[in-house]
Structure formats: C-alpha cells, structure tokens
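Reader: I would like to learn how to read the charged side chains and the core of a model. Could you take me through one?

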Amino acid sequence: MTNNMFSLSKTEHKDERVLSFLEKNGGNHASHLILLRDKELFWAVDEKVLIAYKKIANKLVVLGDPIGDETYIVDAIKEFHEYCDELRLTPVFYQISAKYMHYFHETGFSFMKLGEEGIVDVTNFSLAGKQGAKLRTKFNKFTRENFHFRVITPPYSHSFLAELRAISEEWLGDQKEKGFSVVSFSEEYVSSYPVALLTNAEGRVVAFATLATDYKDTVTIDLMRKSTSSSYGTMDVLFIHIFQWVKEHGYQYCSLGMAPLANVGQTKYSITSEKWIRFIFLHGNTLYKFKGLQEFKGKFTSSWEPKYLAYKKSPLILVIIQLILLINQPPLSTKTKEVVGKLKYLIKKAV
C-alpha cells in the first residue's frame with residue numbers, strides 16, 4: 001500500500017533512488033533507517049534487491065533482511081557474500097526475520113535470537129473493556145485537559161524543526177545519540193517523514209514521533225521523543241492517537257520497533273550464548289532500558305515477531321561487542337560529512 005502521506009517529493013529528496021525502490025518493492029521493519037544515511041548500499045541481482053550495511057573492523061554488518069522480490073533474496077545473499085569474500089571481510093546480518101533463515105542456513109551462517117519486534121493490529125486495537133481500562137483513563141484525562149493530536153507532513157519550517165530539536169535534546173540529557181539500528185534526531189531525517197504531534201492546552205508540543213512505512217500494510221512509530229516536564233502517560237496517549245490515525249489511513253499494522261532481548265536468555269535452560277548476549281547488552285547500553293522498553297510496548301502489542309543475528313567465522317562474543325560499538329556510533333551530521341568529504345579529497349589529491 002502506498003499512501004500520499006508518505007509520498008515525498010523525490011525531486012527535492014536526496015534519497016530518490018532508495019525511495020523509488022521502496023515504493024515499488026516494499027520495505028521491511030528497518031528499511032526506513034536507510035535514510036539515516038550512515039550506511040552503504042549494495043544493489044544485488046541487477047538492482048532487484050537492496051542491502052544496507054556498515055563496516056566495522058573486518059565485518060560488513062547488514063541491517064535487516066535484504067529488500068526486494070523474494071524470488072531473488074537467496075541470490076542476493078550469495079552475491080553479497082561473494083562481495084565480502086573479494087574484500088576479505090566477513091558478512092553479518094543483524095535483525096533478520098525467521099522467514100529468511102533457511103536462506104542464510106544454506107550459506108553457512110549460525111544464528112542468535114536478538115529480541116522481538118512489537119506489532120499492533122490496529123484493526124482490532126480497542127480501549128474498551130477491563131483490559132483497556134488504564135489506558136482509557138489516561139486517554140480521557142488528556143482529552144479533558146485539552147491535549148490535541150495531529151499529523152503533519154514535510155516540508156517543515158526551521159522554527160518547527162528547532163522546536164523538535166529542543167525536545168529531543170531535553171529528552172537525551174547527557175546521553176549521546178546512537179545510530180545504525182537505532183534512530184537518531186537530525187533535521188534532515190525528520191524532514192523525510194510525517195510527524196505525529198501531541199500538544200498541550202497552550203499549543204506547545206509535548207511529544208512527537210516520526211512515522212515511517214514499509215509501503216505495504218504497516219506504519220512504524222520511529223523516532224519518539226517527549227519533554228521531560230510532560231505529564232505521566234504522555235507517550236501512551238500519543239501512541240493511542242497514532243493507532244487510530246494508522247487505522248483511518250487504511251493500514252492494518254503499526255510497528256513499535258524492536259524490543260531487544262525480549263525472551264532471550266531469561267531462563268536457566270537458555271543456551272550459554274543467549275545468556276552472554278543478554279549480559280553484554282544490559283551492561284553495554286545505558287540510554288535504552290531494555291526491560292522497561294519491552295514492558296511499555298507490551299501494553300499495546302498484539303504479537304511479537306522474533307529477529308535474529310546471522311553470523312559466521314567469528315566468536316559470537318566478539319560479534320556482539322562489535323555490534324554494540326557500531327550502534328553507539330551516531331550518524332554524522334551533513335556538515336560533518338561535508339568536512340570529511342573535503343578531507344578525503346585533499347588527502348587523495350596530495351597523494
């Protein structure tokens with residue numbers, strides 16, 4: 001499904017080729033993160049499949065499943081593997097879906113469960129009854145207090161983006177943005193998507209979320225930030241409004257993104273490697289509280305879809321440490337990219 005809310009003006013957008021491909025072929029749970037522009041693109045099988053990856057140490061780490069016609073996915077995986085062999089680098093696939101695991105198994109990969117993606121079936125979502133009582137109470141309270149919801153589309157004014165940036169920086173505090181598989185704030189990125197807003201009685205934005213799509217049947221609640229002075233339940237109310245909006249615009253599902261470590265390494269019967277990954281992730285990340293994140297998303301989720309790591313040729317613990325380092329590298333700003341580009345040009349010219 002393609003909705004006009006998500007059809008950006010390609011003549012003004014720097015990622016025209018990617019957007020055209022996604023609109024034609026559909027994306028996946030992570031394809032919107034390509035517009036962070038911190039990843040390289042590999043066009044496989046005569047440009048029928050798109051693979052987004054980033055290099056760290058001796059590895060090329062792919063985010064999500066290869067994107068394109070399923071008929072060509074297995075050939076795309078093999079082609080990317082050959083590309084890595086030519087460069088003497090090791091391929092790693094991060095957050096792949098269960099439906100493609102047999103393709104990776106045929107190519108000699110091992111697997112590790114990373115967590116689960118929370119999915120809301122908006123056609124069945126309801127605040128009615130005993131189960132929805134707590135959420136209904138919050139929602140009605142915000143309505144009585146004249147909080148309002150709306151979704152706006154780009155282009156955005158400089159003053160509006162500055163307002164969102166202020167909220168984002170307030171939410172971050174002393175923490176730094178992340179990258180690769182975790183969305184981060186940039187005016188360029190936010191300007192690529194519709195933005196859902198929750199405003200208070202004075203008309204001030206207290207919370208916002210960018211809305212992405214897989215160009216099929218799902219809208220993803222992407223970058224979400226709120227003012228630290230916002231009322232208890234603010235994000236719950238914003239989410240409820242978004243579910244209603246998604247349903248009204250003809251989509252069936254709303255993705256809440258990954259809950260890392262969901263149902264991974266939790267019992268004494270879990271395999272040792274799953275216990276390792278749980279320990280390392282819990283102690284290697286401070287900004288995103290994984291347990292709380294899963295509990296928050298669990299209030300709304302209709303189903304959980306597992307996501308896996310496909311890796312080879314390296315000890316799992318080394319792969320996990322490298323992934324954490326990769327995620328903790330925020331995308332470069334446009335200005336920084338320009339400086340880096342000039343430096344590379346000067347170095348090349350000098351040589």
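**A lysine in a loop**

Author: Let us start with Lys-178, which lies in the loop between α5 (158-172) and α6 (187-190); helices (H or I, at least four residues) and strands (E, at least two) are DSSP runs, numbered from the N terminus. This is a predicted model, where local features need pLDDT of at least 70, side-chain atom pairs count only at pLDDT 80 or more, and totals for chains, interfaces and linings use all residues. Residues are numbered from 1 along each chain as its sequence is written, and side-chain values use heavy atoms, with hydrogens and water left out.

Reader: Which side chain of opposite charge is nearest to Lys-178?

Author: Side chains of opposite charge can pair when their charged atoms come close. A salt bridge needs a side-chain nitrogen of Lys or Arg within 4 Å of a carboxyl oxygen of Asp or Glu. Lys and Arg count as positive and Asp and Glu as negative, while His and the chain ends are not counted. For Lys-178 the nearest such side chain is Glu-177, 8.9 Å away, and Lys-178 is buried yet has no salt bridge. Buried means under 20% relative accessible area, exposed over 50%, and partly exposed in between (1.4 Å probe, protein chains only).

Reader: What joins the side chains of Lys-178 and Asn-328?

Author: A polar contact of 2.6 Å does. The term covers a pair of N or O atoms within 3.5 Å; within protein, one must be able to donate a hydrogen and the other to accept it, and residues adjacent in sequence count only if both atoms are side-chain atoms.

Reader: How many salt bridges does the whole structure have?

Author: The search finds 14. In one of them, Arg-17 pairs with Glu-47, with the closest N and O atoms 2.7 Å apart. Arg-17 sits in helix α1 (residues 16-25) and Glu-47 in the loop between β1 (40-44) and β2 (49-56), so the pair ties together parts that are 30 residues apart in sequence. Another links Lys-307 to Glu-305 at 3.8 Å; Lys-307 is buried at 1% relative accessibility, whereas Glu-305 is partly exposed at 38%. Salt bridges also link Asp-15, Arg-37 and Glu-188 in a network.

Reader: And how many residues has the largest nonpolar core?

Author: A nonpolar core is a set of buried Ala, Val, Leu, Ile, Met, Phe, Trp, Tyr and Cys residues joined through side-chain atoms within 4.5 Å. Here the largest has 80 residues, and those with the most contacts inside it include Tyr-94, Leu-164 and Phe-243. Helix α7 (residues 234-248) gives the largest share of this core, nine residues. Another core, of 24 residues, lies apart from it, with Val-45 and Tyr-53 among them.
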